[in-house]
Amino acid sequence: MTLDYKKLWDDTLAGIEVEVSKANFGTWFRNTRIVKQDNGLIVIGVPNAFVKDWLANKYHKLILRGLRELETSVRGVEYNITKSEDAKSTKIEGSTKPVFANQLNLEGLYTNREDNLNPKYVFDTFVVGPFNELAYAACQAVTKKIGQAYNPLYIYGGTGLGKTHLIQSVGNFIKNNYSNKKVYYVTSEQFGIDYVTSVQNNRANQFKEKYRKYDVLVMDDVQFFSNKDKTQEELFHLFNHYHENNKQIIFSSDKPPKYIQNLEDRLRSRFEGGMIVDVVKPDYESRLAILQSKLKDSPFCPEKEVVEYVASTIQDSIRELEGALNSIVCQSQLKNRNLNLNEVKNLIKNNVKPKKTVSIKDVAGIVSNFYNISEKYLYEKTRKKEVVKPRQVVMYILREDFNTSYPYIGQKLGNRDHTTVIHAYEKIKHDIKDNNLLSQEIEQIRTLLYKEE
């Protein structure tokens with residue numbers, strides 16, 4: 001009996017799809033197919049070496065199990081690079097340089113004037129990893145119980161980590177699946193401009209009517225409300241209107257509410273009244289997945305070592321990661337060939353931020369300010385509870401982030417024995433696994449420590 005490759009693989013993928021996230025499924029299983037079988041050995045065709053390695057190392061057991069459940073004769077799986085049947089390229093008339101299909105998605109360059117949402121920001125193109133999975137899950141929950149689950153939803157994290165993509169994905173999902181819900185996205189800056197303009201033109205009532213007519217309000221970068229008292233007051237009243245009418249509110253910021261300076265307490269309490277989740281820097285595997293996701297719609301694919309180099313080198317920002325990849329793609333297109341690793345290193349060297357030089361006193365000063373204690377206590381022999389924790393955090397950061405030796409840390413922090421430093425490092429390292437608040441505090445300290453001058 002002839003094995004129907006397409007049906008077997010389609011059925012297998014249907015089972016796999018429910019066990020992995022939609023984003024990861026689209027990233028790693030797109031353009032794969034069964035190309036042959038030999039005495040129970042199934043050969044899966046994949047588009048490039050990167051996908052080959054990822055499926056073999058990360059999803060092999062899941063794939064083998066899925067195939068065996070449908071076809072008992074399957075005894076093994078191999079992965080071979082094959083040319084995608086869907087890979088196409090086009091040429092601009094009069095040019096010998098190839099232009100990759102889907103290289104430039106013009107739709108993603110425009111926002112909808114009625115709701116300010118960018119159509120390219122959807123869940124399907126959002127890569128989920130350990131660094132953002134809680135925020136992603138919270139956003140998914142909001143789409144199922146609008147105005148009821150996590151209201152408000154407050155997402156914070158550093159610049160370029162995908163917060164705007166995520167919160168706009170909620171807006172686009174609700175817009176496309178709930179015809180009776182009106183969604184509006186706005187930055188805090190634009191909200192402030194709209195408010196000031198309305199006051200200057202004696203149109204305050206029109207401003208209120210405009211912002212109160214929606215069912216879902218998505219607001220970006222609320223940290224910029226700092227020091228803007230009148231705008232904060234207007235947002236406070238708008239917030240109350242939404243909350244009292246079970247309308248959904250979603251905020252993003254670069255820091256949690258309690259660390260936004262000069263924010264009215266009543267507004268801060270509103271921010272803290274719902275679900276607060278953070279997005280941190282992506283780990284290496286997540287950065288690899290993001291790069292591969294960006295390449296999946298194009299037949300162009302850099303060499304594996306190039307993709308791995310970019311993922312290992314650019315660590316702080318998804319935006320910078322994508323920018324580096326776009327530069328590589330554009331240069332390869334102009335040269336009509338893949339760039340080698342040395343060319344890529346030269347090309348993206350300006351994207352790689354030099355490590356900031358930080359002294360022990362810098363770390364101690366920022367930590368002491370963060371926990372509102374005098375810096376001098378960190379060096380003294382006190383065992384007060386309010387001092388012990390900050391001191392241990394200083395030791396942890398010096399060791400974890402700068403690989404400073406235990407004896408040197410002990411010497412500089414009050415001539416303490418190196419075993420004391422080891423204990424402090426191990427304690428904080430253990431506690432942050434289970435203590436989400438401590439983990440958030442350390443990430444916030446790092447943001448203060450590494451912020452650009």
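**Figure 1. Parallel pairing of S2 and S3.** Strand S2 (residues 41-46) and strand S3 (residues 76-81) pair in the parallel sense over 6 bridges. Strands are DSSP runs of E with at least two residues, numbered from the N terminus, and two strands pair if DSSP finds at least two bridges between them. Valine 43 has glutamate 78 in S3 as its bridge partner. The model is predicted: local features need pLDDT of at least 70, side-chain atom pairs count only at pLDDT 80 or more, and totals for chains, interfaces and linings use all residues. Residues are numbered from 1 along each chain as its sequence is written, and side-chain values use heavy atoms, with hydrogens and water left out.

**Figure 2. The S1-S2 hairpin.** Strand S1 (residues 33-38) pairs with S2 in the antiparallel sense over 5 bridges. Isoleucine 34 is bridged to isoleucine 44 of S2. The hairpin has 2 residues between its strands, and asparagine 39 in the turn has a positive phi of about 50°.

**Figure 3. Burial of S2.** In S2, 6 of 6 residues are buried (under 20% relative accessible area, 1.4 Å probe, protein chains only). Side chains in a regular strand alternate between the two faces of the sheet. Leu41, Val43 and Gly45 point one way, and Ile42, Ile44 and Val46 the other.

**Figure 4. The open sheet of 5 strands.** The strand order is S7-S8-S9-S6-S10, with parallel pairing. Strand S7 (183-187) and strand S10 (275-279) are the edge strands, each pairing on one side only. Strand S8 (residues 216-220) and strand S9 (residues 248-253) pair over 4 bridges, and leucine 217 stands opposite isoleucine 249 in S9.

Terms used. Buried < 20%, exposed > 50% of the residue type's maximum accessible area, 1.4 Å probe, protein only.
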